[in-house]
Amino acid sequence: MDSQQADPAPSATPATPAGEWAVQVGSFGEPGNAERLHAQLEEQGFSVYSRRRDNNMTTVYVGPYDSSESGERAMAELKEQANLQGLLVRVRE
């Protein structure tokens, strides 16, 4: 692993596996684009997951979080660190 730069602490807002809130950062018709964004955000320390949708789209999320406040903090971190405008969504299995 190549660690030439000292990373600041990963995302200050910890994800909660059972949380109901997540930040949707993109939906892609081309799975490779979703995979690239997923990998980029993971490298930046975000907790990332993707879901395949019924419409052949792959949606990339950061989270999940246990509260909308945590999700809002994560959205601000995404904007600041990755220059991505996210959308706070409620997710359920």
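This is a predicted model: local features need pLDDT of at least 70, side-chain atom pairs count only at pLDDT 80 or more; totals for chains, interfaces and linings use all residues.
Visitor: How are the rings of Y49 and Y61 arranged?
Guide: The structure holds one aromatic pair, where rings of Phe, Tyr and Trp (its six-membered ring) pair if their centres lie within 6.5 Å, and where planes under 30 degrees apart count as stacked, over 60 as edge-to-face and the rest as tilted. The centres of the Y49 and Y61 rings are 5.2 Å apart and their planes stand at 20°, so the arrangement is stacked.

Visitor: With which residue does the side chain of T59 make a polar contact of 2.8 Å?
Guide: T59 lies in strand β3, which covers residues 58–65, and it is buried because its relative accessible area is 0%. Its contacts (heavy atoms within 4.5 Å) beyond neighbours within four places in sequence include Q24, Y49 and S50. A polar contact is a pair of N or O atoms within 3.5 Å; within protein, one must be able to donate a hydrogen and the other to accept it, and residues adjacent in sequence count only if both atoms are side-chain atoms. The side chain joined to that of T59 in this way, at 2.8 Å, belongs to R53.

Visitor: What is the distance in space between G29 and T59, C-alpha to C-alpha?
Guide: G29 sits in the loop between β1 (21–28) and α1 (31–43), and, not counting residues up to four places away in sequence, it touches N56 and M57. G29 and T59 are 30 residues apart in sequence, while their C-alpha to C-alpha distance is 9.0 Å.

Visitor: What is the phi of N56?
Guide: Most residues other than glycine have a negative phi, and most peptide bonds are trans. N56, placed in the loop between β2 (48–52) and β3, is exposed because its relative accessible area is 51%. Although this residue is not a glycine, its phi is positive, near 65°.

Visitor: What is the omega of the peptide bond that joins G63 and P64?
Guide: P64 is found in strand β3. The bond that joins G63 to P64 is cis, with an omega of about 0°.

Visitor: How far apart are the closest N and O atoms of E20 and R90?
Guide: A salt bridge is a side-chain nitrogen of Lys or Arg within 4 Å of a carboxyl oxygen of Asp or Glu, and the count comes to one. E20 lies in the segment before β1 and R90 in strand β4, so this pair ties together parts that are 70 residues apart in sequence. Both are partly exposed, E20 with a relative accessible area of 32% and R90 at 45% relative accessibility. In the salt bridge between E20 and R90, the distance between the closest N and O atoms is 2.6 Å.

Notes
Residues are numbered from 1 along each chain as its sequence is written. Side-chain values use heavy atoms; hydrogens and water are left out. Helices (H or I, at least four residues) and strands (E, at least two) are DSSP runs, numbered from the N terminus. Buried means under 20% relative accessible area, exposed over 50%, partly exposed in between (1.4 Å probe, protein chains only).
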